[in-house]
Amino acid sequence: MGKLFLKSKEIVIPGELIGEGDFETVGGVYREGKKIYASRVGLLEIEGNLIKVIPLAGVYIPNKNDLVIGRIVDIGFSGWLVDIGAPYMANLPVGETLSEFVDLLKVDLSKFLDVNDLILARVINVPKSKMIQLSVKNITPKKLEGGKIIKITPYKVPRVIGKKGSMINMIKEYTKCNIIVGQNGWIWIKGTLTGEIKATKAILMIERESHVSGLTKKVKEMLEGALK
Amino acid sequence: MRSDGRKNDELRKIEAKVGVISSADGSAYFKIGNTAVVAAVYGPRELHPKHLQDPEKSVLRCYYNMTTFSVPERKSPSPGRREIELSTAIKRALEPTIFIEEFPRTAIDVYTYVLEADAGTRCASICAASMALADAGIPMRDLVSAVAAGKVKDQIVLDLTKEEEDTEPCTDVPIAYMPNKKWITLIQLDGEVTAEELREIIKLGIKGCLQIYEIQKKALKKKYVRI
């Protein structure tokens with residue numbers, strides 16, 4: 001153990017000295033010798049020997065096994081190019097999409113997925129070159145039809161989902177909407193018009209106030225108030 | 001005493017704000033005296049054309065621009081020699097602070113617009129840009145603070161105004177500084193000074209940067225504490 005210069009639950013900015021000594025670190029921090037600095041704007045969390053900075057902003061950087069929502073932007077010879085909100089385009093090969101054999105020379109791939117279609121997919125590989133591989137095997141629904149998409153900061157997805165899905169289930173219950181949250185911060189909502197508006201409002205409120213405590217209660221109040 | 005009533009080691013009045021442009025990933029507004037700058041950061045995002053991509057790290061692109069109404073005489077909006085040079089200077093001042101190796105094959109775009117110019121626009125741009133970068137959630141080693149110090153007639157002064165810059169003889173030294181790392185990332189010199197005086201000017205400039213850093217820090221934290 002070493003010295004700590006800041007308290008838990010504080011907002012940190014890049015370059016702020018958090019502690020000195022043998023700590024374990026996760027998230028937006030970097031080390032220099034024994035000193036530990038924050039590298040991003042985030043919420044500091046200290047649990048025993050673990051220093052954690054939860055970033056409050058930033059673009060989506062894909063990780064293996066993330067479930068993401070993407071939009072098809074191009075059709076290639078043997079797969080699709082998918083925008084998943086990351087700085088890199090992702091590739092969805094035919095082999096990871098269709099279970100039956102397809103003769104690529106004879107079949108038009110736009111029959112299965114066309115440009116601008118929304119899909120739910122899993123990131124199966126992020127190599128060092130950042131050529132991201134997607135797969136839709138064992139995922140239902142593969143294609144998201146209708147509904148609307150809202151985009152939030154990917155670092156706030158855990159708050160939208162809540163502990164064991166408590167937050168998202170509450171929103172689903174109150175608005176009667178079908179909601180799918182991608183790890184990349186894209187959220188697909190389908191339901192009645194008023195339900196969609198209500199759900200959007202709730203999710204945007206969570207994004208805006210994700211670092212405030214007592215959020216579940218606040219969202220519940222808002223959803224109940226909006227129902228009247 | 002100086003023409004605007006400040007002490008020699010006193011900064012002009014500073015105003016800093018984060019998150020002023022909703023469509024940008026990160027943005028900041030920085031005003032020092034009569035100099036006002038707004039900065040917007042986009043990215044890391046895909047870089048096109050592809051041959052500009054670096055497989056090892058992200059490419060930082062900075063654009064410094066002065067609005068047509070920022071100076072008494074209308075300024076042509078096209079970037080000239082001065083704008084291109086300052087864009088590069090700002091890029092070099094910011095690059096050491098960013099962990100660019102975390103985002104291979106991408107670009108980070110930094111746009112700074114001078115809304116009002118009264119000397120020290122490059123320093124104000126660097127201050128605003130570093131705040132906007134932090135606001136965009138880009139991993140950084142430290143914030144960058146910048147201010148000009150110099151010598152007007154025989155006085156060593158901090159944070160020169162346009163009026164002071166135009167008096168003869170005048171030496172102007174813009175300094176960008178990373179307060180926690182203690183790195184100087186930009187230093188330029190326009191005029192004549194002795195080595196001894198330069199040392200004094202740099203010391204004064206760093207003192208000013210530390211004051212600016214506190215304001216930047218407060219502005220960044222304020223965005224989240226406010227709610």
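**Polar contacts between chain B and chain A.** In this predicted model, 11 residue pairs, both at pLDDT 80 or more, are in polar contact between chain B and chain A, a polar contact being a pair of N or O atoms within 3.5 Å, of which, within protein, one must be able to donate a hydrogen and the other to accept it, with residues adjacent in sequence counted only if both atoms are side-chain atoms. Strand E3 (35-46), H2 and H4 of chain B are the elements that give two or more residues to the side of chain B that touches chain A, and H4(B) gives the most, with 6 residues; helices (H or I, at least four residues) and strands (E, at least two) are DSSP runs, numbered from the N terminus.

**Salt bridges between chain B and chain A.** The count between the two chains is 3 salt bridges, each defined as a side-chain nitrogen of Lys or Arg within 4 Å of a carboxyl oxygen of Asp or Glu. Lys217(B) forms a salt bridge with Glu16(A), and the closest N and O atoms are 3.8 Å apart.

**Extent of the interface.** Contact (heavy atoms within 4.5 Å) links 29 residues of chain B with 27 residues of chain A. Chain B and chain A bury about 2,400 Å² between them, 60% of it on carbon and sulfur atoms, where buried area is the accessible area (1.4 Å probe) that two parts lose on being put together, summed over both.

**Notes.** Residues are numbered from 1 along each chain as its sequence is written, and chains are lettered from A in the order in which they are written. Local features need pLDDT of at least 70, side-chain atom pairs count only at pLDDT 80 or more, and totals for chains, interfaces and linings use all residues, while side-chain values use heavy atoms, with hydrogens and water left out.
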